[in-house]
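Biologist: I have not looked at this one before. Can you put it up so we can go through it?
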Amino acid sequence: MMQNNLLYPGERLDELQRNGYVIIQDPKRFCFGMDAVLLSGFAQVKAGERVLDLGTGTGIIPILLEAKTEGRSFTGLEIQPESADMARRSVELNHLESKIDIVTGDMKDASDIFGASSFDVVITNPPYMVNGHGLKNTLDAKTIARHEVLCTLEDIIRESAKLLPPKGRFYMVHRPFRLSEIFCTMTRYGLEPKRMKLVYPYADREPNMVLLEGLRGGRPRMTVEKPLIVYQEKGKYTDEIIEIYGY
């Protein structure tokens with residue numbers, strides 16, 4: 001039985017601090033994290049552009065980008081039917097059906113689903129861990145979100161390159177320990193790395209996230225932006241994080 005016609009038992013409704021928007025989440029499956037919020041703040045979407053989020057989960061990135069930018073349309077592709085359904089209900093709850101479309105499908109087939117050069121911007125918060133790296137028990141929603149069990153980094157970059165026209169932009173958040181592999185794969189498929197920002201939990205710690213922009217067919221030249229520090233001290237965000245979150 002649905003609660004308020006859009007919320008199932010066990011699900012919760014979280015405020016997004018943007019335009020009064022909310023999102024449906026299920027703690028038993030997978031809840032979005034800071035990486036998705038930081039990626040939505042790093043990505044640049046211009047007026048009238050078409051945006052695709054590969055592996056959208058519960059639709060957090062399309063909803064945030066719709067709130068923050070003047071993009072024309074936002075599409076989320078998600079392989080897990082339960083997550084895609086949750087994303088569609090969040091879109092409906094925010095009355096964004098005319099701007100955001102959620103599609104159930106495999107990102108390995110994204111270029112076949114949508115067609116070549118069909119988006120101006122492709123964005124993704126993909127699984128970080130290679131199959132077998134880190135803790136992985138059963139093929140549940142959290143494992144699929146965190147580990148490359150249903151797709152690989154190469155699948156994502158290959159399909160993104162096909163989906164973008166020349167000068168189309170690619171945005172991704174990932175882990176710094178895979179940067180060498182990421183750069184090699186991006187350049188192999190013609191997505192030239194153009195911007196990079198490292199994210200540090202504290203100023204004196206190693207970075208644990210990296211934000212990247214690639215340009216389809218771009219010339220070799222990359223800007224390394226100033227680092228993003230998450231916490232001033234334990235439990236206290238830096239001013240830049242507060243601005244990104246919109247508190």
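Biologist: How much space lies in the second largest pocket?
Modeller: About 230 Å³. Keep in mind that this is a predicted model.

Biologist: Which residues lie nearest the centre of that pocket?
Modeller: L38, S40, G41, F42 and I244 do, out of 15 residues that line the second largest pocket. Two or more lining residues come from each of α1 (34-42), β8 (191-200) and α8 (239-245).

Biologist: Which element gives the largest share of the lining of the second largest pocket?
Modeller: Helix α1 does, with four residues.

Biologist: And how does the lining of the second largest pocket split by class?
Modeller: Seven of its residues are charged, five are nonpolar and three are polar.

Biologist: What does I123 touch, leaving out residues up to four places away in sequence?
Modeller: The list for I123 is L39, A43, V51, L52, D53, L54, I61, L65 and Y171.

Biologist: Let's take V103. Where is it found, and is it buried or exposed?
Modeller: V103 is in strand β5. It counts as buried because its relative accessibility is 19%, and the cut-off for buried is under 20%.

Biologist: What does V103 touch, again not counting residues up to four places away in sequence?
Modeller: V103 touches T75, G76, L77, E78, R88, I113 and F114. For V103 and E78, which are 25 residues apart along the chain, the C-alpha atoms are separated by 6.4 Å.

Biologist: What about contacts in the whole chain, between residues at least 6 apart in sequence?
Modeller: Of those, 69% join residues at least 24 apart. The chain has 247 residues, and buried ones make up 53% of them. It holds eight helices and 13 strands.

Biologist: Why is helix α6 said to be largely enclosed by the rest of the structure?
Modeller: Because nine of its eleven residues, in the stretch 153-163, are buried. Those in α6 are L153, D155, I156, I157, R158, E159, S160, A161 and L163.

Biologist: What comes in the loop between α6 and β7?
Modeller: K167 is found there. It is not a glycine, yet its phi is positive, about 75°. K167 is exposed, with a relative accessible area of 52%.

Biologist: Which other residue has a positive phi while being something other than glycine?
Modeller: Q17 is one, with phi near 60°. Q17 lies in the loop between β1 (12-15) and β2 (22-25). At 41% relative accessibility, it counts as partly exposed.

Note on methods
Residues are numbered from 1 along each chain as its sequence is written. This is a predicted model: local features need pLDDT of at least 70, side-chain atom pairs count only at pLDDT 80 or more; totals for chains, interfaces and linings use all residues. Side-chain values use heavy atoms; hydrogens and water are left out. Buried means under 20% relative accessible area, exposed over 50%, partly exposed in between (1.4 Å probe, protein chains only). On a 1 Å grid over the protein atoms alone, a cavity is a set of points where a 1.4 Å probe fits but cannot get out, and a pocket is an open set with protein on both sides within 12 Å along at least five of seven lines; lining residues have an atom within 4 Å of a point. Grid points are joined across faces, edges and corners, and a volume is the space filled by probe spheres set on the points. Ala, Val, Leu, Ile, Met, Phe, Trp, Tyr, Cys and Pro count as nonpolar, Asp, Glu, Lys and Arg as charged, and the others, Gly among them, as polar. Contact means heavy atoms within 4.5 Å.
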